[in-house]
Amino acid sequence: QEFVSQLRGKVGLEELVDANKTVLDGATITSQQLLEACSVIPFLAERRLVIVRGLFRRFESARGQRRQGRGSRSGSGTADGWSDLAGLLGQLPETTVVAFVEGQVGRDNPLLRQVAGMVEAHEFPLLKGQRLQEWIRRRVAAAGATIEGRAVTLLVENVGGDLWTLGGEI
């Protein structure tokens with residue numbers, strides 16, 4: 001969420017972000033709908049942001065879906081007009097920033113393989129142990145405060161790795 005918020009900052013003035021942001025449900029969107037949303041000209045800003053949530057998950061292998069307790073979906077193929085996502089992204093205006101927000105996606109995902117060389121991918125693994133404690137300390141320092149080691153330990157024990165909740169507690 002923090003990374004998406006940083007992308008929102010690239011749109012331009014905060015007052016214009018909502019007018020230049022579109023959020024799409026990747027579970028139901030068509031490639032034509034994505035192209036149309038991305039082709040809209042920014043309103044009084046240099047850029048517009050299109051966020052697509054869960055598109056790549058539609059094309060995870062059925063085996064991986066069952067293993068994760070989600071049942072099977074579209075399988076590993078790229079039907080439904082998604083066989084040329086790379087070509088579609090190549091048609092988009094430079095004024096559009098597209099963010100695909102996904103959960104866990106396998107490296108063998110057919111859409112991910114299509115666009116691997118043309119997108120910037122960021123992974124945000126769950127923080128645990130020392131990395132989680134360091135995240136807490138950095139967040140506290142960024143707020144201009146200090147925190148004792150025992151308080152960090154209590155936060156980890158009581159909240160765990162839920163960064164959203166930890167941020168609120170901090």
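**Reading the terms in a predicted model**

Val-11 is found in the loop that joins α1 (2–9) to β1 (21–25). This is a predicted model, in which local features need pLDDT of at least 70 and side-chain atom pairs count only at pLDDT 80 or more, while totals for chains, interfaces and linings use all residues. Residues are numbered from 1 along each chain as its sequence is written, and side-chain values use heavy atoms, with hydrogens and water left out.

User: Why does Val-11 count as buried?

Analyst: Buried means under 20% relative accessible area, exposed over 50%, and partly exposed in between, with a 1.4 Å probe and protein chains only. Val-11 has 2% relative accessibility, and therefore counts as buried.

User: Which residues does Val-11 touch, not counting those up to four places away in sequence?

Analyst: A contact requires heavy atoms within 4.5 Å. By that rule Val-11 touches Val-17, Asn-20, Ala-45, Glu-46, Arg-47, Arg-48 and Leu-49. Of these, Arg-47 is 36 residues from Val-11 in sequence, yet the two C-alpha atoms are 4.9 Å apart in space.

User: What makes the pair Glu-123 and Arg-107 a salt bridge?

Analyst: A salt bridge is a side-chain nitrogen of Lys or Arg within 4 Å of a carboxyl oxygen of Asp or Glu. The N to O distance between Arg-107 and Glu-123 is 2.9 Å, and therefore the pair meets the definition. Glu-123 lies in the loop between α5 (110–115) and α6, and Arg-107 in the loop between β3 (96–101) and α5, so the pair ties together parts that are 16 residues apart in sequence. Both Glu-123 and Arg-107 are exposed. The count by this rule comes to one salt bridge.

User: Why does Arg-57 have no salt bridge?

Analyst: The nearest side chain of opposite charge, Glu-60, is 4.4 Å away, whereas the definition asks for a distance within 4 Å. Arg-57, which is buried, lies in the loop between β2 (48–53) and α3 (62–67). A polar atom of the Arg-57 side chain lies 2.6 Å from the backbone oxygen of Gln-104.

User: How many helices and strands does the chain have, and how are they defined?

Analyst: Helices (H or I, at least four residues) and strands (E, at least two) are DSSP runs, numbered from the N terminus. The chain has eight helices and three strands. From the N terminus on, the order is α-β-α-β-α-α-β-α-α-α-α.

How values were computed
Lys, Arg positive; Asp, Glu negative; His and termini not counted. Polar contact = N/O pair within 3.5 Å; in protein donor to acceptor, adjacent residues only side chain to side chain.
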